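Here is a brisk report on a two-chain model. Read it with the structure open.

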Amino acid sequence: MALQNEDKLEVGYSSLHPKPKKWVLLMLRLLAFFATAAATVVMGLNKETKTLVVATVGTTPIKASLTAKFQHTPAFVFFVIANGLASIHNLVMIMADLFGQKLDYKGLRLAMIAILDMMTVALVSGGASAAAFMAELGKNGNSHARWNSICDKYKTFCDHGGGALIASFAGLILMLIISVMSIIKLLIKPKPDDELESTGLIPSGVNACRFNSELGKNGKSHARWKKIC
Amino acid sequence: MVKPKRLLSLLLRIIVLGATLAAVIIMATSHEKGTFFALSYEAKYSDTPAFKFFVIANAIVTVYGFLVLFIPSESQLWGLVLALDLVLTMLLISSISAALAVAQVGKKGNSSAGWLPVCGQVTKYCNQVSGALVAGFIAIITYIILLLYSIYTFLNPLLGKNG
């Protein structure tokens, strides 16, 4: 009888106290969401129009207006798409963390979170790096290819693009930390609750409150489990 | 005597090593001289920071991949190898993405910025750069498969045997 009570206390404990790591992860995800969303919005609204006088016919000057938009460069389009997808991913992960604690698929919840995090890190790193090198090309030009720099003509466009890049890189670093934390969560030894769930004898998400007296000391014997709460 | 898991992992690493080495060599040896309306020019990979980054990143991964082949099977270092794999995957993805972005401008130009495509004049250089990028793509795809496989084999002993 005493053994049974001890087991009940031991098993119930870990489900009552949420680990402090969960809040850290949630805060990091929130920050990463803001960073990637900011990068998407700033680059998505990046546009600058310049009107120059091209010729003068008589007394009326003919103006031509040139626009610099982010859509002109495929690298920036990829940047916007990648950061947009990353923001959506972060938002979904925050919602799943807050409201969907019981959602699981064959015990693969942590693995799916870790893999999705890694995929998003890869996507954002690709987008950020392509945009960074295109921005460097726009700023410095390339004398060998006879490409002139455009940043002296479109200063605001370049400034906004630089700001979006910085936000994206900050988001990338945050997401790398988040991804490492997700993988660590996947790799740490499961606690008694999770161990029991992973044997498949208890459906996941159920707080096994008390056990039958056939429960062995290590909890993995061929016992018949009954949820008695 | 070699376990099939280790064999598959080893095979993937050798493919990655070969692909990154090929990418480095092909990109580094791509240069072409020519004249264009009495202007002589020379196109080298070091003209563009993106291609330099590509060569350096792939060189780092080649050296790392070569060293990893010598780690004994049951050493404690495999956890570190897994972490480094994640970081190097990110590095490879950034390098190929940057090189692809600049190569696309070289091939198609950018009319709004007034940049003319250069591939018409330096065809051999362009072809070699494309070849290096293809090798880089093969490297990154194999690397992602390797990374997922390493995480899977690392996890299996820890998740318990629940069928």
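## A pair in one helix

By about how much are A:Lys155 and A:Asp159 separated in helix H5 of chain A? They sit 4 residues apart, which means about one helical turn. The two form a salt bridge, with the closest N and O atoms 3.4 Å apart. A salt bridge here is a side-chain nitrogen of Lys or Arg within 4 Å of a carboxyl oxygen of Asp or Glu. A:Lys155 is exposed at 52% relative accessible area. A:Asp159 is partly exposed at 45%. Buried means under 20% relative accessible area, exposed means over 50%, and partly exposed lies in between (1.4 Å probe, protein chains only).

## Basis of the model

This is a predicted model: local features need pLDDT of at least 70, side-chain atom pairs count only at pLDDT 80 or more, and totals for chains, interfaces and linings use all residues. Residues are numbered from 1 along each chain as its sequence is written, chains are lettered from A and ligands numbered from 1 in the order in which they are written, and side-chain values use heavy atoms, with hydrogens and water left out.

## Chain A

Chain A has 6 helices and 2 strands. From the N terminus, its elements run α-α-β-β-α-α-α-α. Helices (H or I, at least four residues) and strands (E, at least two) are DSSP runs, numbered from the N terminus. Of the 229 residues in chain A, 38% are buried.

The whole structure holds 3 salt bridges over all chains. One joins A:Asp117 to A:Arg29, with the closest N and O atoms 3.1 Å apart. A:Asp117 lies in helix H4 of chain A and A:Arg29 in helix H2, so the pair ties together parts 88 residues apart in sequence. A:Asp117 is buried, with a relative accessible area of 2%. A:Arg29 is buried too, at 2%. Leaving out residues up to four places away in sequence, A:Arg29 touches several residues, including A:His89, A:Met93 and A:Ile178. Touching, or contact, means heavy atoms within 4.5 Å.

In chain B, B:Asp85 and B:Arg13 meet in a salt bridge (3.2 Å, N to O). B:Asp85 is in helix H3 and B:Arg13 in helix H1 (residues 4-28), 72 residues apart. B:Asp85 is buried at 0% relative accessibility. B:Arg13 is buried at 7%.

## Nonpolar cores

The largest nonpolar core has 25 residues. A core is a set of buried Ala, Val, Leu, Ile, Met, Phe, Trp, Tyr and Cys residues joined through side-chain atoms within 4.5 Å. Among the members that touch the most others are A:Phe76, A:Trp147 and B:Trp115. A second, separate core of 20 residues includes B:Ile96 and B:Tyr125.

## The interface

Chain A gives 37 residues to the contact and chain B gives 32. The area buried between them is about 2,800 Å², with 73% from carbon and sulfur atoms. Buried area is the accessible area (1.4 Å probe) that two parts lose on being put together, summed over both. A:Phe133, A:Trp147 and A:Leu187 supply 23% of the area that chain A buries against chain B, more than any other three residues. Between the chains there are 0 salt bridges.

## A surface patch

A:Ile115, A:Leu116, A:Met119, B:Ile144 and B:Leu148 form a nonpolar patch on the surface, with about 410 Å² of accessible area together. H4 of chain A gives the most to this patch, with 3 residues. Patch residues have over 30% relative accessible area and no salt bridge; like charges are joined within 9 Å, nonpolar side chains (Val, Leu, Ile, Met, Phe, Trp, Tyr) within 5 Å. Accessible areas come from the Shrake-Rupley method with a 1.4 Å probe; for residues, only the protein chains shown count as cover.
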